[in-house]
Amino acid sequence: MKITLTSLSTKNLATLAQRIINSSQSGNYTIIEGHPLLMALATSYSTYDAVYTKLTYSGKGKEVAAADKERDAAYSSIKAFLNGYRKLPFAANHTDAEALYTIFKQFGLNLDTLSYSAQTAQLKKLIEELEKPENIQRIENLTITTAFNDLKTKHQAFETVFAEQAEANADLRTIASASSTRKELEQRLRSYFSLITAMKDMPEWSKLYYDLNEIVKAAKNSTLLTNGNNTPT
């Protein structure tokens, strides 16, 4: 019953442990029922199963990126409009566009290239400045109130999902890491395999040994096949 447990993928290790436990507890092997090593293995597997599929982050990264992309687009649209409109000296209210664009320059014209945190801080200040009465009037004069409201909405949406990600990440950090629980599960399996192997010549243990050995062989073959296809395990 030989297998390099460290070579198994996270999922395959869980599958092996589950099959070993299920077979041992099938009711066909009363000799092992209630054995401390089997109980310890079941406990380790239960802990591992609760965390092994979880990513090391909240899984909300795509949502955050999508929200950031939308607020970037809203920000860039207004900035581009103001930059173009201010260059039309004969256009109505072009001075309003110049004044607003100056505010954009004050807080940086590259906010959409900054880190999430830096962009959030600067964009918050920019919006606060644009919400001053004199600037709201300029925004209305240029009939871009809808665009400005869209920017505020997209910024708030980003802050919401970013906060959710931070909270989820904090929750994940309170859960035992998969790496630590994996080591424990591997050790439990090794101990259990050693017991079954040591007792395999005893009549009441032999069938259990051969049944579990077939499960181990299947896990080993699965790993070899996967590696042969150059697929990460």
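Helices are DSSP runs of H or I with at least four residues, strands are runs of E with at least two, and both are numbered from the N terminus. The model is predicted: local features need pLDDT of at least 70, side-chain atom pairs count only at pLDDT 80 or more, and totals for chains, interfaces and linings use all residues. Residues are numbered from 1 along each chain as its sequence is written, and side-chain values use heavy atoms, with hydrogens and water left out.

**View A. Threonine 120 in helix H5.**
Threonine 120 is found in helix H5. With a relative accessibility of 14%, threonine 120 counts as buried (buried is under 20% relative accessible area, exposed is over 50%, partly exposed is in between; 1.4 Å probe, protein chains only). The threonine 120 side chain comes to 2.8 Å from the backbone oxygen of tyrosine 116. When residues up to four places away in sequence are not counted, threonine 120 touches Arg71, His155, Phe158 and Glu159 (contact means heavy atoms within 4.5 Å).

**View B. Alanine 121 in helix H5.**
Helix H5 covers residues 116–130 and contains alanine 121. Is alanine 121 buried, exposed or partly exposed? Alanine 121 counts as partly exposed because its relative accessibility is 38%. The C-alpha atoms of alanine 121 and leucine 111 are 9.7 Å apart in space, and the two residues are 10 apart in sequence.

**View C. A salt bridge between lysine 124 and glutamate 128.**
The side chains of lysine 124 and glutamate 128 form a salt bridge, with N to O at 2.8 Å (a side-chain nitrogen of Lys or Arg within 4 Å of a carboxyl oxygen of Asp or Glu). Because lysine 124 and glutamate 128 are four residues apart in helix H5, about one helical turn separates them. Lysine 124 has a relative accessible area of 44%, so it is partly exposed. Glutamate 128 is also partly exposed, at 43%. Side chains of opposite charge can pair when their charged atoms come close.

**View D. Arginine 182 and glutamate 186 in helix H8.**
Glutamate 186 and arginine 182 meet through their side chains in a salt bridge of 2.7 Å, N to O. Both residues lie in helix H8, four residues apart, which is about one turn of the helix. Glutamate 186 counts as buried because its relative accessibility is 6%. Arginine 182, at 14% relative accessibility, counts as buried as well. A network of salt bridges links Arg182, Glu186 and Arg190. Over the whole structure, a search finds 11 salt bridges.

**View E. Arginine 86, glutamate 98 and the loop between H3 and H4.**
A salt bridge of 3.3 Å, N to O, joins the side chains of arginine 86 and glutamate 98. This pair links distant parts of the chain, 12 residues apart: arginine 86 is in the loop between helix H3 (61–85) and helix H4 (94–107), and glutamate 98 is in helix H4. Arginine 86 is partly exposed, with a relative accessible area of 22%, and glutamate 98 is partly exposed at 29%. Asparagine 93 lies in the loop between H3 and H4. The phi of asparagine 93 is positive, about 65°, although this residue is not a glycine. Asparagine 93 is partly exposed, at 32% relative accessible area.

**View F. Threonine 143 in the loop between H6 and H7.**
Threonine 143 is not a glycine, yet its phi is positive, about 55°. With a relative accessible area of 68%, threonine 143 is exposed.

**View G. Tyrosine 192 and the largest nonpolar core.**
The largest nonpolar core has 29 residues (a set of buried Ala, Val, Leu, Ile, Met, Phe, Trp, Tyr and Cys residues joined through side-chain atoms within 4.5 Å). Which residues of this core touch the most other members? They are Leu16, Ile20, Ile32, Leu189, Tyr192, Phe193 and Ile196. Two or more residues of this core come from each of helix H1 (10–24), helix H2 (36–51), helix H8 (178–198) and helix H9 (203–228). H9 gives the most, with seven residues. Apart from this core lies another, of 21 residues, among them Tyr85, Ala97, Leu111 and Leu142. Leaving aside neighbours within four places in sequence, tyrosine 192 is in contact with Ile20, Ser24, Ile32, Leu37, Leu38, Leu41, Leu208 and Leu212. In soluble globular proteins, nonpolar side chains tend to be buried together.

Conventions
Polar contact = N/O pair within 3.5 Å; in protein donor to acceptor, adjacent residues only side chain to side chain.
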